[in-house]
Amino acid sequence: MAFDFEAAARLKAWASLEDLIKESESCEDENVYNIMADITLVSEAPTEIMIATLQQIVNRVWSRDSNNVERLARWIRCLLSLALTSNVEMAEHLIDQVISIARTAQEKITRYPMVELEWVATTAFNRAVDFYCTSQDAICRRWAEKAMSLADLNDDNGRLHRLLQEKYLGLTWDR
């Protein structure tokens, strides 16, 4: 399965990647998704294809093995980095997905990695500030609230949440 995926990526047969991921569902080896994600990240795929492919991999792994949160967190970071530059709606969806995964993981043995939560929260907040600077106040508020929700899920005794909230309250809305 992994060889077929790599071949499709090398041949730039982007339409085949989705089908190969679907076919991999019957594969017992969980590492096939690691391989597929790595191949995707080093491929010459257009950003939209890379985002769609990684999102599909994340969704498959989450539905199969919700205990491997660390692996998902790494992939989501890559995916979010790509989406922030090209697809803001997808980036926002990913932040919602991180909130959902992190909440679910709180009830499990393996929690969402603190470093990854901090990164997503600060990245979301920084994007909120970008929206603020371009007078997109409604989107700014939405992204800032998501950032603070992520900060709430972080196991740092509220330190990050307080910092983000302080910065958020410092924004002036009547300009």
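I take contact to mean heavy atoms within 4.5 Å. With that settled, I started on Q56: leaving aside neighbours within four places in sequence, Q56 is in contact with E18, I21 and K22. Worth noting before I go on: this is a predicted model.

**Entry: Q56**

I looked up where Q56 sits, and its place is in helix α4, residues 47-64. Is Q56 buried or exposed? Its relative accessibility comes out at 14%. The cut-off for buried is under 20%, so Q56 counts as buried.

**Entry: the whole chain**

I stepped back for the overall picture. I counted 9 helices and 0 strands in the protein. Reading from the N terminus, I get α-α-α-α-α-α-α-α-α for the order of elements. I boxed the C-alpha atoms along the principal axes and got roughly 55 × 35 × 20 Å. Of the 175 residues in the protein, 46% are buried. I also checked how far along the chain the contacts reach. Taking contacts between residues at least 6 apart in sequence, 64% join residues at least 24 apart.

**Entry: α1 against α2**

Two packed helices are described by the angle between their axes and the distance between the axes, so I looked up both. Helix α1 covers residues 2-10 and helix α2 residues 14-23; their axes come within 8 Å and cross at roughly 165°. That makes α1 roughly antiparallel to α2. I noted the crossing of α1 and α2 as left-handed. Which residues make the contact? From α1 they are D4, F5, A8 and A9, and from α2 they are W14, S16, L17, L20 and I21. I sorted the residues of this contact by class and got 7 nonpolar, 1 polar and 1 charged.

**Entry: α4 against α6**

I came back to α4, the helix that holds Q56, and checked it against helix α6, residues 88-105. The axes of α4 and α6 come within 13 Å and cross at roughly 15°. The two helices are therefore roughly parallel to each other. I have this crossing down as left-handed. On the α4 side, the contact is made by I51, Q55, V58, N59 and W62. On the α6 side, I listed M90, H93, L94, Q97, I101 and T104. By class, the contact of α4 with α6 has 6 nonpolar and 5 polar residues, with no charged ones.

**Entry: A128**

I found A128 in helix α7. How buried is A128? Its relative accessible area is 1%, so A128 is buried. Not counting residues up to four places away in sequence, A128 touches C140, W143 and A144. I then checked the C-alpha atoms of A128 and C140: they are separated by 4.3 Å, with the two residues 12 apart along the chain.

**Entry: the faces of α9**

Last stop was helix α9, residues 159-169, where L160, H161, L164 and Y168 are buried. Why do they line one face of the helix? Seen down the axis of α9, the buried residues fall within an arc of 100°, so they line one face. An α-helix has 3.6 residues a turn, so residues three or four places apart point the same way. I checked what the buried residues of α9 pack against, and it is α7 (114-133) and α8 (137-153). On the face turned away from the buried side, I found the exposed residues E166 and L169.

Terms used. Residues numbered from 1 in each chain as written. Predicted model: local features only at pLDDT ≥ 70, side-chain atom pairs only at ≥ 80, totals over all residues. Heavy atoms only, no water. Axes fitted to C-alpha atoms, helices over the stretch in contact; angles between N-to-C directions. Helix = DSSP H or I, 4+ residues; strand = E, 2+ residues; numbered from the N terminus. Parallel < 35°, antiparallel > 145°, perpendicular 65-115°, else oblique. Left-handed = near helix turned anticlockwise from the far one by under 90°. Nonpolar A, V, L, I, M, F, W, Y, C, P; charged D, E, K, R; others polar. Buried < 20%, exposed > 50% of the residue type's maximum accessible area, 1.4 Å probe, protein only. Arc of directions from axis to C-beta.
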